[in-house]
Amino acid sequence: MSNVLGVGIDLVSISEIKDLDERTHGAFVDKTYTDGEKEDANATSDFYQFLAGRFAVKEAVFKAICGNFTDIEFDFRQVETRRMPNGAPKFVPSIELLKILNDIGASDILISISNQGDSAIAIAELIK
């Protein structure tokens, strides 16, 4: 029996994230990312590359959860990805998302992010 409840993957254009944020005069970043994610992004050498990876995680988590559990209310700010001291990404759910995970029988979401050129990709695996 599998311990995987859902899988999501997403590919994001780094330049599109930058363009969207510039067109909205910062509103996109303010409304989409947590304070912790913005803090981590400010500490990196490429602000938008970092945020594009985090946006890909948000989309991948949405797909992992809502692809199988269609009645879930989902807000991207419920998904936070923090940078660990070794640079690895760590999924940090909000209180609301912890409740969702509990309700659907999930214990955690494993994530991975990669960047190449103008692309950021992330995968999320919803596990029991």
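Leu97 has its place in helix α5, where helices (H or I, at least four residues) and strands (E, at least two) are DSSP runs numbered from the N terminus. The model is a predicted one, in which local features need pLDDT of at least 70 and side-chain atom pairs count only at pLDDT 80 or more, while totals for chains, interfaces and linings use all residues. Residues are numbered from 1 along each chain as its sequence is written, and side-chain values use heavy atoms, with hydrogens and water left out.

With a relative accessible area of 0%, Leu97 is buried; buried stands for under 20% relative accessible area, exposed for over 50%, and partly exposed for what lies in between (1.4 Å probe, protein chains only). When its neighbours within four places in sequence are left aside, Leu97 is in contact with Ile65, Phe74, Gln78, Val79 and Phe91, contact being defined as heavy atoms within 4.5 Å. The C-alpha atoms of Leu97 and Asp75 are separated by 9.0 Å, although these residues stand 22 residues apart along the chain.

In soluble globular proteins, nonpolar side chains tend to be buried together. The largest nonpolar core here has 36 residues, and those with the most contacts inside it are Ile17, Val61, Ile65, Phe91, Ile109 and Leu126; such a core is a set of buried Ala, Val, Leu, Ile, Met, Phe, Trp, Tyr and Cys residues joined through side-chain atoms within 4.5 Å. Among the elements that give two or more residues to this core are β1 (4-13), α1 (14-23), α4 (47-66) and β5 (119-127), and the largest share, twelve residues, comes from α4. Val61, neighbours within four places again left aside, is in contact with Phe74, Val79, Phe91, Ile109, Ile111 and Ala124.

Helix α1 has Ile14, Ile17 and Asp21 as its buried residues. These residues lie on the same side of α1, because they cover an arc of only 65° around the axis, the arc being that of the directions from the helix axis to the C-beta atoms. The cover over the buried residues of α1 includes β1, α2, α4 and β5, whereas Glu16 and Arg23, on the other side of α1, are exposed.

A search of the whole structure finds five aromatic pairs, where rings of Phe, Tyr and Trp (its six-membered ring) pair if their centres lie within 6.5 Å, and planes under 30 degrees apart count as stacked, over 60 as edge-to-face and the rest as tilted. The rings of Phe47 and Tyr48 have centres 4.9 Å apart and planes at 85°, so this pair is edge-to-face.
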